[in-house]
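Biologist: Could we go through the sheet in this model together? I would like to begin with one crossover.

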Amino acid sequence: MIAYIIRRLAGAVPLLLFISVVTYAMMALAPGGPAAILGPRGALSPAVMARINALYGLDKPWFVQYFYWLKQLVLHGSLGASYVDQRPVVEKVLERLPVTIEMVGLALLLTLLIAIPIGIYAGAHRGSLFDNATSAVGFAFYGMPVFWLSIVLIDLFAVQLRWFPSSGLSSLGREDDPFDRLWHLVLPVVAIALVSFVSWMRYQRSSIIEAMSSAYIRTARSKGLTERDVLVRHALRNALLPIITLLGLSLPTLVGGAYFVEYVFSIPGVGYLTFTSIFARDYPTLMAITMLTAVLIVLGNLLADVAYAIADPRIRYG
Amino acid sequence: MRAAGSLERLFTCALIALALDGCAAGAGAQRDPGTIVSLTRVDGATMNPMFGQTVQDGIVYPQIIFESLSYIGADYLPHPRLATSWTHSADGLQWTVDLRHGVRWSDGAPFTSKDVVFTYDALIDPQTASINAGDMVYIKRVTGDGPFRVHFTLAYPSAVFTLVGMGFEASILPEHILGRVPHDRLRFSAFGEHPVGTGPYRLLRWQHDSETIFVPNPYAWRKPHIARFDVRTIFNDQAQTDAMANGSADLVDDTGSTVYQQLERIAPKVKLLTFPSVYIDVTLPNTRRPGLDDVIVRRAMMYGNNRQALISGFFQDKVPLPDGLVPVGLTHWHNGHVAQYPYDPVKARAMLDADGWRVGPDGVRRRGNARLAFELLINQGSAILTDADLEFTADMKAIGIEVALREMDFPSMVAREFKGDFDLISEGFGGSVDPDMTANLATSSIPPAGQNTGAFHDPVLDRLMKAGLTELDDGKRRAIYNEMQREIADKVPMLYQWTRFAGTAYSAHLVLDPKTTLQQPLLYYNIEDWKTAQ
């Protein structure tokens with residue numbers, strides 16, 4: 001297993017390099033650069049703009065800039081400093097990470113709490129009214145753009161009914177109050193959960209259907225077990241295995257953030273930082289976020305495979 | 001079963017606790033009576049005013065922490081601050097500035113002419129790459145003459161020297177802290193996170209994009225009354241409205257028309273001020289394009305555009321209709337006796353017909369190979385701007401001019417603008433309290449040399465702008481700008497649409513004098529006079 005993990009990690013290096021080249025090229029070739037948008041329109045003379053470009057190495061071709069970025073990362077372990085405020089980008093990302101993990105983590109928890117029981121019940125009662133109705137409702141939410149759903153939730157629950165705040169993480173003066181923070185996170189968490197629960201639910205439903213048609217289930221039934229016992233003690237354990245894979249794959253989302261939700265609800269997390277960095281053409285920050293997400297995708301995949309092997313003794317990696 | 005019942009009760013209790021907690025927060029939290037909470041949509045990125053890129057870090061924070069030789073007063077004119085007086089030679093090239101005695105930095109060190117010399121040396125050095133360097137191009141040299149006097153040598157006389165050259169664009173920085181930092185490293189100095197100024201406040205804590213707390217500078221000569229000034233970043237209009245309504249915030253310095261309308265409903269709980277803004281929203285034509293190079297077409301576009309309907313519909317007639325590029329609010333400079341463009345589509349069509357622009361089978365006018373069909377670039381994200389520009393396209397269609405909207409992100413739009421790759425761009429113009437427009441309209445400012453991105457060129461305007469910028473006599477200068485405004489109204493280098501809305505909302509907890517309060521971002525010039533209600 002250890003050898004397998006090492007091989008997978010080594011194999012990820014060229015993949016990450018490829019991702020970094022493509023990302024850097026896409027950013028550098030996008031119209032407008034950091035110097036062009038510094039300050040209000042017309043504030044910079046061409047000489048000052050040229051000097052700013054030179055200070056950041058932006059006067060060189062994009063592949064040279066990329067080489068410097070990579071050299072800095074490999075030799076000094078540094079992802080550089082932001083063009084916007086000159087702070088180390090790692091510091092900027094790390095200070096926002098807890099907020100994003102908290103919000104997306106809660107959303108994931110809520111999603112699982114909704115999706116897994118519904119998926120199990122729907123799978124066990126395939127074709128029933130409950131099965132069809134939950135799928136229809138789930139797909140309806142799935143089809144809604146999350147930014148639109150977020151605005152609808154704000155309008156209904158924050159503006160009209162005034163049950164929840166429309167944005168932010170805390171009320172003024174109550175920054176250390178966990179209940180207040182939770183109250184602020186209700187709408188963004190619900191928005192994420194509503195658009196994502198159906199995919200988890202359908203995975204769970206399919207797993208249950210597949211498990212229920214297996215030979216060992218027939219054996220269990222033939223032993224005279226009740227349908228409830230068959231479902232809970234035999235089908236469910238096996239049907240939960242694909243969820244482990246999905247949990248591993250959701251790791252990057254947990255850190256990368258729900259971009260639109262953070263933006264609409266003014267949550268100062270990694271997603272919001274990504275948005276503002278794109279508009280500021282802040283290449284170092286964008287590279288740091290992209291690479292962090294890429295690393296987590298690789299690790300998430302690996303974690304899922306390892307967890308799968310631990311959970312299912314039939315699976316062996318060599 | 002019992003376990004399920006307990007869980008259910010626990011869940012119910014948690015929900016009730018959350019709901020009660022929510023209600024408590026909605027009703028307004030316990031507030032420190034000595035603190036004023038101000039709300040902003042966008043935080044700054046640095047506290048070093050040489051590199052401030054946004055309104056917040058380029059103008060607002062510098063007025064709170066730092067001081068400059070002059071400041072803009074309620075009359076929109078320059079007044080001495082770290083300077084006590086200034087005089088100039090007859091040719092306007094030599095200036096002597098006397099400095100205030102007894103001023104100290106927030107670390108206790110004394111302020112002297114060394115700080116002024118250091119600041120201007122750094123500002124005008126291209127190695128520093130300060131975004132304010134463009135405002136100081138005429139400053140050749142600054143020398144100290146004892147601890148409290150400096151001499152400026154200018155390359156040419158500048159009428160905006162005391163307003164801009166000595167203003168917040170040149171906030172004075174401490175030589176004893178930054179003097180040893182090479183100019184090209186100033187941008188990267190930790191000073192941007194840990195500033196030391198002579199202003200009324202010092203920075204206590206800064207959590208980027210969230211909270212910035214200022215407390216009185218113990219050494220300030222302008223002693224503030226308010227014990228703590230807390231700036232919160234809230235990007236969402238509804239949240240700003242909620243915070244003002246429930247009493248957890250005291251100030252929204254720039255409400256925008258939407259928040260203002262919402263807050264009007266809870267007045268007088270919240271006090272509201274509106275100002276004739278110094279910004280005008282314009283549609284900038286690229287005069288390199290056939291059709292847009294024709295002044296008759298530009299005038300017809302003005303007549304064919306129902307600007308008053310836009311102002312009524314989107315701003316409830318709260319903003320003035322601009323009659324040029326000098327905002328109505330700049331009463332010292334504004335000249336209303338210029339050509340006016342009331343909505344008159346019949347006249348617009350007649351003008352275009354007479355100019356040889358005939359309506360084609362597709363409803364679009366053409367003359368020879370040129371068609372009056374243009375693309376209008378707008379910055380994405382503003383619903384009002386998009387709606388207003390849609391109205392503009394409809395008005396233009398009615399006079400035979402096709403305008404297609406193209407929304408894009410700001411950096412992409414700026415890139416196309418500076419390449420000259422556009423027909424029309426919707427953008428803000430102004431912001432200065434001085435009528436000089438050399439950077440945007442002079443022939444010498446056509447990119448890459450400057451920011452005249454519409455490539456407008458007119459020798460009469462060039463002459464007037466040059467004369468206005470170098471004339472130091474106020475009366476003569478006003479006469480020059482009166483003429484310049486007549487020329488602008490006649491030649492329409494930009495289609496001026498509406499004056500931008502400028503509103504400020506503040507709670508009963510904050511005491512401001514409306515007579516001396518300026519619009520954001522100049523609002524903070526007298527922050528030491530602000531008080532909390534007893």
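Biologist: Which handedness does the β-α-β unit of β16(B), α11(B) and β17(B) have?

Modeller: That unit is right-handed; with the strands pointing away from the viewer, the path from the first strand over the helix to the second runs clockwise. Helices (H or I, at least four residues) and strands (E, at least two) are DSSP runs, numbered from the N terminus. This is a predicted model, in which local features need pLDDT of at least 70, side-chain atom pairs count only at pLDDT 80 or more, and totals for chains, interfaces and linings use all residues. Residues are numbered from 1 along each chain as its sequence is written, with chains lettered from A and ligands numbered from 1 in the order in which they are written.

Biologist: How many bridges join β16(B) to β17(B)?

Modeller: Seven, and the two strands run parallel; strands pair if DSSP finds at least two bridges between them. E375(B) is opposite A404(B) of β17(B).

Biologist: And what does β16(B) do with β18(B)?

Modeller: They pair in the parallel sense over two bridges, and L377(B) faces I425(B) in β18(B).

Biologist: What is the strand order of the whole open sheet?

Modeller: Its 10 strands follow β8-β9-β10-β1-β11-β19-β12-β18-β16-β17 in chain B, with mixed pairing. β8 (201-207) and β17 (402-408) of chain B are the edges; each has a single partner strand, so one side of each lacks a neighbour in the sheet.

Biologist: Turning to β9(B) and β10(B), in which sense do they pair?

Modeller: Antiparallel, over four bridges. F214(B) has F229(B) of β10(B) as its bridge partner.
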